[in-house]
Amino acid sequence: MLNSFHIKLIACLLMLIDHVGRVFFPEATIMVAIGRLSFPLFAWLAAQGENYTSNIWNYVFRLILLGVVSQPIYSHVYSLIFSATPPLNILFVLAAGVTTIRLAKQVNNGLLKAAIVLLFTTIAIAARFEAGFFTLPIVYLMSKFKPGELNLKGWLVYMSLHILYVAVGGGFIELAGVIAPLFILLHNGEAGIKTRWFYLFYPVHLGVIAGIKSYLTMY
């Protein structure tokens, strides 16, 4: 069984595999496929953070601040992989998603909840958050997955979002992410070791990858 600390380690490892594969081994699609499991786990952990934090707005502010710090590094690594203008990185998505979850909790009407999710999804698209039309709803949906419980309805919606993403051009490799909730199903409901470095891993590992790539390019 896994606790939250294990999930954090797994999420970071999967993300590292994804980005190392994209930058250094672009033909190794298996590494990118493995990496498709990382964002849903980050989304679930952010949703758990929203549920347990004592100050939601400090939590959101920290995500935004780290997103701002990470953006130049993210943009550089993005330019190594794609020939396109970089979107805003995934920490902005998590901040918007956490806000969406908290605001949706304040209303009881299902249509109003849907309207809030739609509003923030629209904002994510307009502000060019990374794959905002897909990633923002995923953050909200992951708040419905409870540790150690099989949420079949939530899983079906989750899989439908992936299929929709593929249908609009996301690439079949994105379907690998549909198994991410298995890790949540294996969660034992315990927090495990407290970690303050978790989100810092995002800019740090990108910086290391960029530094290694620059060094190899020089020689």
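**Helix 5**

I looked up the burial of helix 5 first: 13 of its 16 residues are buried, so I noted the helix as mostly covered. Buried here means under 20% relative accessible area, exposed means over 50%, and partly exposed lies in between (1.4 Å probe, protein chains only). Helices are DSSP runs of H or I with at least four residues, numbered from the N terminus.

This is a predicted model, where local features need pLDDT of at least 70, side-chain atom pairs count only at pLDDT 80 or more, and totals for chains, interfaces and linings use all residues. Residues are numbered from 1 along each chain as its sequence is written, and side-chain values use heavy atoms, with hydrogens and water left out.

I checked confidence next. pLDDT is the predictor's confidence in each residue, from 0 to 100. The chain averages 93, and 100% of the residues score at least 70. Helix 5 (residues 90-105) has the highest confidence, at 97, while helix 8 (residues 152-170) has the lowest, at a mean of 92.

Then I took the length of helix 5. From first C-alpha to last, its 16 residues reach 23 Å, close to the 22 Å expected at 1.5 Å a residue. The expected span is 1.5 Å times one less than the number of residues. At the start of helix 5, a side-chain oxygen of N89 comes to within 2.9 Å of the backbone nitrogen of L91.

I ran the same checks on helix 3. Its end C-alpha atoms are 21 Å apart, which agrees with the 21 Å that its 15 residues should span. The rest of the structure largely encloses helix 3, because 13 of the 15 residues are buried.

P40 lies in helix 3 (residues 38-52). I count P40 as buried because its relative accessibility is 2%. Beyond its neighbours within four places in sequence, P40 is in contact (heavy atoms within 4.5 Å) with M142, Y158, G177 and A180. I also took P40 against H205: 165 residues apart in sequence, 19 Å apart in space, C-alpha to C-alpha.

**Helix 1 against helix 3**

Helix 1 (residues 4-24) packs on helix 3 at about 145°, with the axes 8 Å apart. Axes are lines fitted to C-alpha atoms, for helices over the stretch in contact, and angles run from 0 to 180 degrees between N-to-C directions. I listed the contact residues: helix 1 brings S4, I7, K8, I10, A11, C12, L14 and M15, and helix 3 brings S38, L41, F42, W44 and L45.

W197 sits in the loop between helix 9 (181-185) and helix 10 (201-218). Its relative accessible area is 35%, so W197 is partly exposed. Setting aside neighbours within four places in sequence, I found W197 in contact with F5, L9 and C12.

T135 is in helix 7 (residues 132-142) and counts as buried at 4% relative accessibility.

H162 lies in helix 8 and is buried, at 2% relative accessibility.

**Positive phi**

R128 is not glycine, yet its phi is positive, near 60°. R128 is partly exposed, at 40% relative accessible area. A131 is in the loop between helix 6 and helix 7. Its phi is about 45°, positive although A131 is not a glycine. A131 is partly exposed, at 23%.

Notes. Helix = DSSP H or I, 4+ residues; strand = E, 2+ residues; numbered from the N terminus. Polar contact = N/O pair within 3.5 Å; in protein donor to acceptor, adjacent residues only side chain to side chain.
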